[in-house]
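Visitor: I have a protein model to look at and some questions about it. Could you walk me through it?

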Amino acid sequence: NNPAPGERAWCVMVTREDGVDSTDANSIFLVDHAWTFQYGYARLQLQQVPGLMGRMADMMDICQDSSQEELMERVMDEMWRFTWHYNLTFPGATADDKTAFWYVNDEFGSRIQHCADPTCRMVPFYYVPTKTSYTLLWLLQDMDSGDEVTRD
């Protein structure tokens with residue numbers, strides 16, 4: 001239940017019997033963000049948001065039998081294997097005006113493993129009208145049932 005860094009505990013497989021066609025307009029997917037934070041506030045959010053630390057520990061396959069302090073340190077150490085980031089800016093802003101946001105994809109998105117020859121592409125998408133961010137996922141190739149979905 002506590003895989004070593006780089007050890008695979010999970011993966012995402014195509015389960016549709018007839019596979020997935022990468023050119024199908026329905027083959028683009030939204031992956032939710034389980035946690036979005038700014039760098040200096042990660043620890044505070046883990047302490048204050050109910051259920052967040054437990055959810056992150058579960059996603060990172062961290063055993064929760066230890067003290068809250070030990071669990072916090074383990075999540076803080078392991079989270080970087082799961083985080084991505086994006087920058088927000090506005091017209092006329094300078095490089096110093098950019099705001100970096102870090103995020104962890106939901107349980108599904110976090111299970112998609114890295115590969116040098118990926119089968120999909122994942123990029124953050126910020127929807128301004130609702131101030132909501134997601135990750136867009138689309139296939140780079142057709143996939144058969146049983147194929148593993150991987151990212152770069």
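Guide: A salt bridge here is a side-chain nitrogen of Lys or Arg within 4 Å of a carboxyl oxygen of Asp or Glu. Keep in mind that the model is predicted.

Visitor: How far apart are the closest N and O atoms of Glu78 and Arg74?
Guide: Glu78 and Arg74 both lie in helix α3, four residues apart, which is about one turn of the helix. In an α-helix a turn takes 3.6 residues, so residues three or four places apart point the same way. The cut-off for a salt bridge is within 4 Å. Glu78 and Arg74 form one, and their closest N and O atoms are apart by 3.8 Å.

Visitor: Which residues are joined with Glu78 into one network of salt bridges?
Guide: Glu78 forms a salt bridge with Arg74. The side chain of Glu78 also meets that of Arg81 in a salt bridge, at 2.9 Å from N to O. These salt bridges share partners, and the residues joined with Glu78 are Arg74 and Arg81.

Visitor: Is Glu78 buried or exposed?
Guide: Buried means under 20% relative accessible area. The relative accessibility of Glu78 is 10%, so Glu78 counts as buried.

Visitor: Where is Pro50, and is it buried or exposed?
Guide: Pro50 sits in the loop between α1 and α2. Exposed means over 50% relative accessible area. Pro50 has 77%, so Pro50 is exposed.

Visitor: Which residue does Arg55 pair with in a salt bridge?
Guide: Arg55 is in helix α2, and its partner is in helix α4, 52 residues apart, so the pair links distant parts of the chain. Arg55 is partly exposed, at 32% relative accessible area. The closest N and O atoms are 2.8 Å apart, and the partner is Glu107.

Visitor: How far is Asp106 from the nearest side chain of opposite charge?
Guide: Asp106 is found in the loop between β5 (99–105) and α4 (107–110). Asp106 touches several residues, including Val31, His33 and Arg55. A salt bridge needs the atoms within 4 Å. Asp106 is buried yet has no salt bridge, and the nearest side chain of opposite charge, Arg55, is away by 5.9 Å.

Visitor: Which backbone nitrogen does the side chain of Asp106 reach?
Guide: A polar contact needs N or O atoms within 3.5 Å. The side chain of Asp106 reaches a backbone nitrogen at 3.2 Å, that of Phe108.

Visitor: Which strands stand at the edges of the open sheet?
Guide: Three strands form the open sheet, in the order β2-β8-β7, with antiparallel pairing. Two of them have a single partner strand each, so one side of each is left without a neighbour in the sheet. These edge strands are β2 (28–31) and β7 (120–127).

Visitor: How many bridges join β7 to β8?
Guide: β2 and β8 (residues 132–139) run antiparallel and are joined by four bridges. In β8, Leu137 stands opposite Phe29, and Leu137 is also the bridge partner of Met122. β7 and β8 run antiparallel too, and the bridges that join them number eight.

Visitor: Which residue in the hairpin of β7 and β8 takes a positive phi?
Guide: The hairpin has four residues between the strands. The phi is near 50 degrees, and the residue is Lys131.

Conventions: Residues numbered from 1 in each chain as written. Predicted model: local features only at pLDDT ≥ 70, side-chain atom pairs only at ≥ 80, totals over all residues. Heavy atoms only, no water. Pairing = 2+ DSSP bridges. Helix = DSSP H or I, 4+ residues; strand = E, 2+ residues; numbered from the N terminus. Buried < 20%, exposed > 50% of the residue type's maximum accessible area, 1.4 Å probe, protein only. Lys, Arg positive; Asp, Glu negative; His and termini not counted. Polar contact = N/O pair within 3.5 Å; in protein donor to acceptor, adjacent residues only side chain to side chain. Contact = heavy atoms within 4.5 Å.
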